[in-house]
Amino acid sequence: MNPSAVGSPLTALCPRLRDALVRVGYDADTLLAALGPDAHAALGRSEPVPVRRAAENAGELGVLIRLLLLGDTLPEELVAAAFAPVSVDESVAAGLLDRDGGLVRAALDLRPLDTGAGTRWILSDLDDSMRRRTLTTDHVLGVGHASLSLLRATPTSRVGSVLDLGTGCGVQAVHAASYADRVTATDINPRALWLAEATAALNDIDLELLEGSWFEPVAGRRFDQVVANPPFVVGPARIEHTYRDSGLWLDGASELVISRTPELLAPGGTAAMLAAWVHRDGADWRQRVSGWLPAYGIDAWVVQRDIADPALYVGTWLRDAGMDPRDEDAQHRAQQWLEALAAAEITGIGFGFVYLRAIDGPTELLAEDLTHVFSDPLGDEATAYFQRSAWLRAVAAATDLAWSARYRVADTTALERVYLPGPDGWAQRVARLHRGDGPRWQHEVDETTISLLAGMRPDGLPLYELIELLALAHGSETVTPEFAADALNVVTGLVRHGLISPV
């Protein structure tokens, strides 16, 4: 089925469907309360039995849980009562439900999600989380790990306009509606736009939905923020599933999106995207990503979250498409995929977040690994990073600004000293500064840096006077250019990662 993307019967019934969902309590908080923490955790692990057992005692909410989240086939009278005032006939005609005699099952996935602004309901195609399914080419993915990662990693400062490039089921666009005045969403897949339109109607949200490939639907336009979860999967130039495959060779989709998105940004505009890039022996992935950016006009922060070896990468994406790597067809596809990566001398595939901000100046790039565990979302951190980066650009243009500034050590910054046993007892091996929030950066430091930070406070001395005191402590009555440059480099690095800040 490939319904019209505009004004469909599914969209038409969504206002009354929302009334049913509210009446039954099909929302994120009530769902957790009804299932309990153990069964809710089982839902996340794709284990239907504990969820079904808990849902059996949850009345009409339990009916919706079994129907929409577990994919159970249920008697029509139970579904009719839970869906009222929407009839089963209407739901079947709209493509939301399927009927088999006197039994009814879901034809679409409909689940509640709290994106930070209360419950939103997301419509998508059925996945294989609870029942084994082979996904079709035009399958519209629901709320997966990647989309959840991007939700948590997206800045949510109030903006005028947002573009969701390649919207899929519309989850990023729905999230953007909580912090943007206007949201535009594009997709090449008509089925995706059909579901995104219904998702918007279900949440009483106005979206501008445009059909077309990549940047064509918004050519010549500018936005205050762009979000994108593109089909970034690295592999042969083919399309088996539009939600993940771009038809471009290797990491061509990420290259295209990263290189073209700057054209869409209004002055000061920001982009938050997921992307992937290849690793080759003897080549730095940072240089590869750097080559995708224009020479002027962008401040870029690229965070590599993971690196997968080719075999793990291919196996993961085969399972994502509902394929069992042990099946003959899956083994054939894996063979072709791995041969293509080997021929291109790919040793690994990096994955992470790409943040861009439009600036008036030469392009700057910080690309770094963030593979350690942290719990805070990166959205607020990205906003703070660009603010710190702007201050550092001002410092680069006028060094006196850095020297005359006073600094404070962040409340979450901690000093760690590591001692190991030696022939003369405990001996210090390393000293580190730890940031206790956000990305939890660590910097190894020497005793001079430790002393410098000890003197930093809002009512204390400017940086240059602190440097002069340090020079005297080291037996020098003047600050040498080398000593000053080293100190400024240390301060710059600590400011960039938020361990200290100018006052």
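**Entry 1. The largest cavity**

I sorted the lining of the largest cavity by class and found 5 nonpolar, 3 polar and 3 charged residues. I note here that the model is predicted. I then asked which residues lie nearest the centre of this cavity. They are V233, G235, P236, R238 and D245, out of 11 lining residues. The space in the largest cavity comes to about 70 Å³. I also looked up how many cavities of 30 Å³ or more there are. The count is 2.

**Entry 2. The second largest pocket**

I turned next from cavities to pockets. The second largest pocket has a volume of about 280 Å³. Its lining is made up of 14 residues, and D114, T115, L148, L151 and R152 are the closest to its centre. I looked up which elements give two or more residues to this lining, and they are β4 (109-114), α7 (145-153) and α14 (378-397). Which of the elements gives the most to the lining? It is α7, with 3 residues. By class, I recorded 5 nonpolar, 6 polar and 3 charged residues around the second largest pocket.

Strand β10, residues 265-279, and strand β12, residues 348-362, pair over 10 bridges. In which sense do β10 and β12 pair? The sense is antiparallel. As a point of reference on this pair, I noted that T270 has R357 in β12 as its bridge partner.

I selected L365, whose place is in strand β13. Is L365 buried, partly exposed or exposed? L365 is partly exposed, because its relative accessible area is 30%, which lies between the limits of 20% for buried and 50% for exposed. For strands as such, I keep in mind that side chains alternate between the two faces of the sheet when the strand is regular.

**Entry 3. A hairpin**

A hairpin of 2 residues joins β15 to β16. One of the bridges in this pair links T413 to R435 in β16.

**Entry 4. Annotated domains**

Finally, I consulted the UniProt record, an unreviewed entry. The record places the feature "domain: Methyltransferase small" at residues 145-237. I found this span to be 30% helix and 27% strand, with its end C-alpha atoms 24 Å apart.

The record also gives the annotation "domain: DUF7782" for residues 384-502. How far apart do the end C-alpha atoms of residues 384-502 lie? They lie 13 Å apart, and the span is 46% helix and 25% strand.

Key
Residues are numbered from 1 along each chain as its sequence is written. This is a predicted model: local features need pLDDT of at least 70, side-chain atom pairs count only at pLDDT 80 or more; totals for chains, interfaces and linings use all residues. Side-chain values use heavy atoms; hydrogens and water are left out. UniProt positions are given in the numbering used here, feature names are shortened, and annotations may be inferred rather than shown by experiment. Helices (H or I, at least four residues) and strands (E, at least two) are DSSP runs, numbered from the N terminus. Two strands pair if DSSP finds at least two bridges between them. On a 1 Å grid over the protein atoms alone, a cavity is a set of points where a 1.4 Å probe fits but cannot get out, and a pocket is an open set with protein on both sides within 12 Å along at least five of seven lines; lining residues have an atom within 4 Å of a point. Grid points are joined across faces, edges and corners, and a volume is the space filled by probe spheres set on the points. Ala, Val, Leu, Ile, Met, Phe, Trp, Tyr, Cys and Pro count as nonpolar, Asp, Glu, Lys and Arg as charged, and the others, Gly among them, as polar. Buried means under 20% relative accessible area, exposed over 50%, partly exposed in between (1.4 Å probe, protein chains only).
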